[in-house]
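Student: I have this one open in the viewer and would like to go through it slowly. Please take my questions as they come.

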Amino acid sequence: MAVLVTGGAGYIGSHTCVELLNVGHEVVVVDNFFNSKLESLKRVSDITGKTFKTYNVDLLNQEGLERVFSENTIESVIHFAGLKAVGESVSFPLWYYHNNLTGTFVLCELMKKYGVKKLVFSSSATVYGSTDQVPISEDAPIAAVNPYGKTKQIIEEILRDLYISDEGWSITLLRYFNPIGAHESGLIGEDPNGIPNNLMPYISQVAVGKLQSLNIFGSDYSTKDGTGVRDYIHVVDLAKGHLKALEKVQSLKGVNAYNLGTGKGYSVLEMVKAFEAASGKKVSYAFTDRRLGDAAICFADVSKAKNELGWVAAKGINEMCQDTWRWQKNNPDGYVKNHDNLIEHDFPVRTSAADFLVSN
């Protein structure tokens, strides 16, 4: 019985695959490698010493995805796959709605067809919108303000309706705050395409010399140093949260939402200083105007995850910065300088039992 991980080659997906394999789960990965690299999965295999099946299939390819279900005994699904950049979603909303929603429709239809009704969904704290309520609990109003966040919000609503239609489903919605860090081995980490959208990979690329300076949006917030405060969580802690969520869907039916964060907030300048201390590198920065919709302070109420999942974040800001720097220093250009040629690439974790498919 296998766990299907959609988007398993991505930043959070690859770290979650490591944790799944380390505790003995059989893993099947589906990824279209649009925002990820095949190399990340080779390194997952290197870290764990385990092999696993990987399919190069887009979730919009219903025929290709059905082959995954027909060729494997899938027991549960962790659903990461989707477009994920806020700014890009504002520029290309139809693309985001079509990709993220339709891909989820196809996945859920096939799960229903094959009797797989255990799902962990990768949601986001962006569903809360620009709230001034802190800490943010799962009972806070849902009011996403950009197309990316709205796709997460709509999918959450769809999954709730799916359960109403069939109470055999067990669904956990995980609302991430700000994932950063990397595996302690330095072998896998965040490898964004182009200019990073998130703070920590931007800081680390300035430190390694790929980017000249960090732009800090806003210096006049009502915070200790005038810069925005966010809840940063180590990606390994986040990955372990998925294992706890997977246990939850095995034992209890229904739909449950959980915040995954540390419950603590750090300002942009605090993150810069912590990274400088971890790396020994100076991070140049300049202040610029606030971004529309950015809240001054945003951090999670994590008591529900602690009480119901038995999960708490264990790693602090120093480990987050140290692990990020180890990854960036060892991999200044990420996994590869250019995208893998997926048709010609000999997938390193292929064994006689494994399968690597290229979708049409």
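**A walk through the model**

Student: Let's start with Phe33: is Phe33 buried or exposed?

Tutor: Phe33 is buried, with a relative accessible area of 5%, where buried means under 20% relative accessible area, exposed means over 50%, and partly exposed lies in between (1.4 Å probe, protein chains only). Before we go on, please keep in mind that this is a predicted model, in which local features need pLDDT of at least 70 and side-chain atom pairs count only at pLDDT 80 or more, while totals for chains, interfaces and linings use all residues. Residues are numbered from 1 along each chain as its sequence is written, and side-chain values use heavy atoms, with hydrogens and water left out.

Student: Okay, and where is Phe33 placed?

Tutor: Phe33 is in the loop between β2 and α2; helices (H or I, at least four residues) and strands (E, at least two) are DSSP runs, numbered from the N terminus. Its phi is near 60°, which is a positive value in a residue other than glycine. Most residues other than glycine have a negative phi, and most peptide bonds are trans.

Student: So which peptide bond is cis?

Tutor: The bond from Val134 to Pro135 is cis, with omega near -10°, and Pro135 lies in the loop between β5 (118-124) and α6.

Student: Back to β2, then: what does strand β2 pair with, and in which sense?

Tutor: Strand β2 (residues 26-31) pairs with strand β3 (residues 53-56) in the parallel sense, over four bridges, and two strands count as paired if DSSP finds at least two bridges between them. To get from β2 to β3, the chain passes through helix α2 (residues 38-48), and this β-α-β crossover is right-handed. With the strands pointing away from the viewer, that word says that the path from the first strand over the helix to the second runs clockwise. Within this pair, Val29 stands opposite Thr54 in β3.

Student: Changing topic, what is the order of the open sheet of three strands?

Tutor: That open sheet has the order β12-β9-β14, with mixed pairing. Its edge strands are β12 (266-267) and β14 (297-298), each of which pairs on one side only. Strand β9 (residues 229-230) is joined to β12 by two bridges, and the two run antiparallel; Arg230 has Tyr266 in β12 as its bridge partner.

Student: How many disulfides does the structure hold?

Tutor: The structure holds zero disulfides, a disulfide being a pair of cysteine sulfur atoms within 2.5 Å.

Student: Now helix α7: how many of its residues are buried?

Tutor: Nine of the nine residues in helix α7 (residues 199-207) are buried, which makes this helix mostly covered. The cover over them includes β7 (178-180), β8 (214-217), β10 (232-234), α9 (268-279) and α11 (317-330); the contacts here are heavy atoms within 4.5 Å. Just after α7, Gly209 takes a positive phi of about 95°.

Student: I also clicked on Lys315, so what is Lys315 in contact with?

Tutor: Leaving aside its neighbours within four places in sequence, Lys315 is in contact with His234, Val236, Asp237 and Met320. Lys315 sits in the loop between α10 (303-309) and α11, and with a relative accessible area of 19% it is buried.

Student: And what does Arg160 touch?

Tutor: Not counting residues up to four places away in sequence, Arg160 touches Leu173, Arg175, Val255 and Ala257. Arg160 belongs to helix α6 (residues 147-165) and counts as partly exposed, at 34% relative accessibility.

Student: Last one: how many helices and strands does the protein chain have?

Tutor: The protein chain has 11 helices and 15 strands. Its radius of gyration is 20 Å, close to the 21 Å that the globule rule gives for 360 residues, so the chain is as compact as a globular protein of that length. That radius is taken over C-alpha atoms, and the globule rule is 2.2 Å times the number of residues to the power 0.38. Of the 360 residues, 54% count as buried.
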